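Here is a quick walk through a two-part story, from a single residue out to whole chains. Keep the viewer open as you read.

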Amino acid sequence: MNEPVIEVKNLKKYYGKQRGIEDVSFSVQEGDIFGFIGPNGAGKSTTIRTLLALLKPTAGSASIFGKDCIAHASDIAKDVGYLSGEPSYYENMKAREFLKYSAELYGRKDSSRLEELSERLQLDLKRKIEDLSMGNKKKVGIISALLHSPKLLILDEPTSGLDPLMQQIFFDILREENENGTTILFSSHVLSEVQKLCNKVAIIKEGVIIDTQSIAELRKNGYKKVSILADGGLDEDDLKMDGVADLNIRDGSASFIYMGPVNDLLQRINSFQVRDVFIEEPSLEEIFLHYYQ
Amino acid sequence: MVVFKYELKQMKTLIIAWSVVMAALAFVLIPVFTDIGKSITGDPQQLEQMVSDNQFLQAVGMSADFLSKPIGMYGFLNGWFFTLAASVLAMHVGLSVNTKDFVGKSADFIYTKPLDRGKVFLSKLLAASVAVFTVGIVYFEVSYLALRINLPEGFEMWMFLHLAFSLIMLQAIYLALGIFVGVIWPRNRRPLLLAVTLVFVTVVIGTFAATMGYDLLLFLSPPKFFGGSVIASMGGYDMRFVYWLFFLVITFISSGYFIFRKKDLITV
């Protein structure tokens with residue numbers, strides 16, 4: 001069993017009377033690519049900013065590499081790369097100068113990594129940051145987070161602003177980093193990208209972690225997306241059974257998410273005059289919506 | 001030192017621009033005012049009459065005795081133009097060295113690096129001090145040169161040193177105040193406007209206190225700490241104000257430091 005790289009226990013953060021996060025607990029093991037998903041305002045960024053000691057928790061604790069996030073912030077930061085959700089840097093600096101600054105803050109002078117990453121991400125280092133598009137600013141942030149080859153990457157909504165091609169290159173880089181031993185905490189509200197990249201996921205809703213599972217588990221757990229078209233139509237009572245969620249009845253056909261014994265489902269379907277039936281694996285989005293209802 | 005180096009680099013243009021402008025204005029205005037001084041000091045009675053009839057000159061702490069000295073008009077110009085300009089600069093730099101990271105959202109970058117928050121604060125303070133005092137020192141040297149050229153008959157060197165150095169001390173207090181306010185109100189989007197306003201408010205308090213004779217209120221007005229006529233009459237600074245200034249500088253900076261280390265860093 002690997003040691004947890006991140007351990008968060010009952011973390012709570014209030015901004016005065018306003019809730020940031022209510023009760024967040026999860027752990028990220030070494031080598032994980034850990035997805036952290038939830039809609040805007042759920043508390044993802046607050047959790048991350050507390051892990052980075054930008055915010056002091058109201059209650060609870062968080063540790064990285066076994067060290068308290070607040071007490072040992074600068075020590076922990078040596079091995080952490082962070083990309084904020086809305087990367088914004090010193091606008092009057094050129095990209096190269098800024099990234100040099102970033103590298104120097106980690107005591108790095110060698111620019112080979114900078115050249116390599118900027119080439120892969122196709123970033124023009126000669127341009128001033130104020131002249132860069134949102135996507136290119138994001139690239140600057142990505143390079144800055146990766147420059148010192150950190151043991152842990154904390155990425156807050158990292159793909160916003162990147163075009164699909166660049167997202168693919170970025171994901172390839174992340175996979176390579178992960179293969180080289182980097183643990184990744186990947187916060188997003190775009191579930192398909194979490195599905196593509198992560199091996200585990202924590203789902204946060206209104207400041208509370210409502211589930212933590214492996215992606216494979218999440219899919220395997222019996223979630224089925226079912227659509228039935230029956231002669232004579234269907235109504236809600238026909239499908240009143242344990243495990244049915246997100247039921248939609250329209251024009252006599254029904255669609256729903258099912259979690260439970262497949263046999264029970266087949267028996268119930270068998271009791272209708274079925275004209276057509278689809279049983280498929282739901283997308284993470286659909287499972288996710290299920291959590292939110 | 002990395003933060004210090006890059007912060008200073010970011011302020012390079014500001015330092016050069018302010019130094020050039022202050023130097024140019026010193027070169028242009030000092031001859032004008034020293035000439036005015038020469039013309040009015042010819043008749044001591046007229047000068048006495050002029051000061052006693054002019055409430056503004058009294059409110060700004062000018063005396064006939066001080067204005068009659070060769071360096072008198074320089075003291076007036078220094079106290080009522082250059083020190084205020086330098087104070088606004090110092091306050092602005094003190095404010096923006098911190099607020100820029102919150103308004104520009106670069107706080108997430110700088111404060112997630114392997115540097116203690118307090119060290120980043122001190123590096124920024126050091127960079128801001130170098131920027132501000134560089135402008136002060138350039139002014140100091142240029143104004144000396146301008147006086148040497150325009151007052152060939154000579155002037156009281158000790159008085160020049162006191163007057164010109166008061167600009168640097170005022171920069172110190174406004175820089176410290178700017179740092180402190182920047183910590184308390186990091187998401188201020190208009191640091192220059194705030195700097196001008198605060199300097200102006202302290203000037204108004206001082207002028208009001210001097211006019212009404214409320215001596216205690218003078219302690220809230222740094223521009224009144226080192227008036228030319230006080231320097232002339234006391235043969236130096238009023239040391240109560242010097243101690244008070246140092247106390248304020250230390251208090252603002254140490255409070256800012258301790259508050260900043262503990263507070264949540266929230267960007268706009």
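In which helix of chain B does Leu245(B) lie? Leu245(B) lies in helix α12 of chain B.

## Before we dig in

This is a predicted model, where local features need pLDDT of at least 70, side-chain atom pairs count only at pLDDT 80 or more, and totals for chains, interfaces and linings use all residues. Residues are numbered from 1 along each chain as its sequence is written, while chains are lettered from A and ligands numbered from 1 in the order in which they are written.

Helices (H or I, at least four residues) and strands (E, at least two) are DSSP runs, numbered from the N terminus.

## Leu245(B) and its surroundings

Leu245(B) counts as buried because it has 21 C-beta neighbours inside 10 Å. The cut-offs go like this: 20 or more other C-beta atoms within 10 Å of a residue's own make it buried, 12 or fewer make it exposed, and anything in between is partly exposed, with C-beta atoms placed from the backbone.

Leaving out residues up to four places away in sequence, Leu245(B) touches Met169(B), Ile173(B), Pro222(B) and Phe225(B). Contact here means that the C-beta atoms, placed from the backbone, lie within 7 Å. Take Pro222(B): it sits 23 residues from Leu245(B) in sequence, yet the two are 7.7 Å apart in space, C-alpha to C-alpha.

## How α12(B) meets α8(B)

Helix α12 (residues 239-262) of chain B also packs on helix α8 (residues 117-150) of chain B, at an angle of about 145° and with the axes 9 Å apart. Axes are lines fitted to C-alpha atoms, for helices over the stretch in contact, and angles run from 0 to 180 degrees between N-to-C directions.

On the α8(B) side the contact uses Arg117(B), Gly118(B), Phe121(B) and Leu125(B), and on the α12(B) side Ile253(B), Tyr257(B), Phe260(B) and Arg261(B). Sorted by class, that makes five nonpolar, one polar and two charged residues. Ala, Val, Leu, Ile, Met, Phe, Trp, Tyr, Cys and Pro count as nonpolar, Asp, Glu, Lys and Arg as charged, and the others, Gly among them, as polar.

## Where the chains touch

16 residues of chain B are in contact with 19 residues of chain A. On the chain B side, α1 (2-10) and α7 (107-110) each supply at least two residues, and α1(B) gives the largest share, three residues. That side divides into seven nonpolar, four polar and five charged residues.

Over in chain A, helix α3 (residues 95-105) has buried residues including Phe98(A), Leu99(A) and Tyr101(A). The buried residues of α3(A) pack against α4 (112-120) and α5 (134-146) of chain A, together with α1 of chain B. Just after α3(A), Gly107(A) takes a positive phi of about 75°.

## The sheet in chain A

Chain A is divided into domain 1 (4-215) and domain 2 (221-291), with bounds from an automatic or database domain assignment. Their centres, taken over C-alpha atoms, are 38 Å apart.

Chain A also has an open sheet of four strands, ordered β12-β13-β11-β14 with antiparallel pairing. Strands pair if DSSP finds at least two bridges between them. β12 (244-250) and β14 stand at the edges with a single partner strand each, so one side of each is left without a neighbour in the sheet.

Strand β11 (residues 223-230) has six bridges to β14(A), where Phe278(A) is the bridge partner of Ser227(A). Seven bridges join β11(A) to β13 (residues 253-259).

Methods: Two residues are in contact if their C-beta atoms, placed from the backbone, lie within 7 Å.
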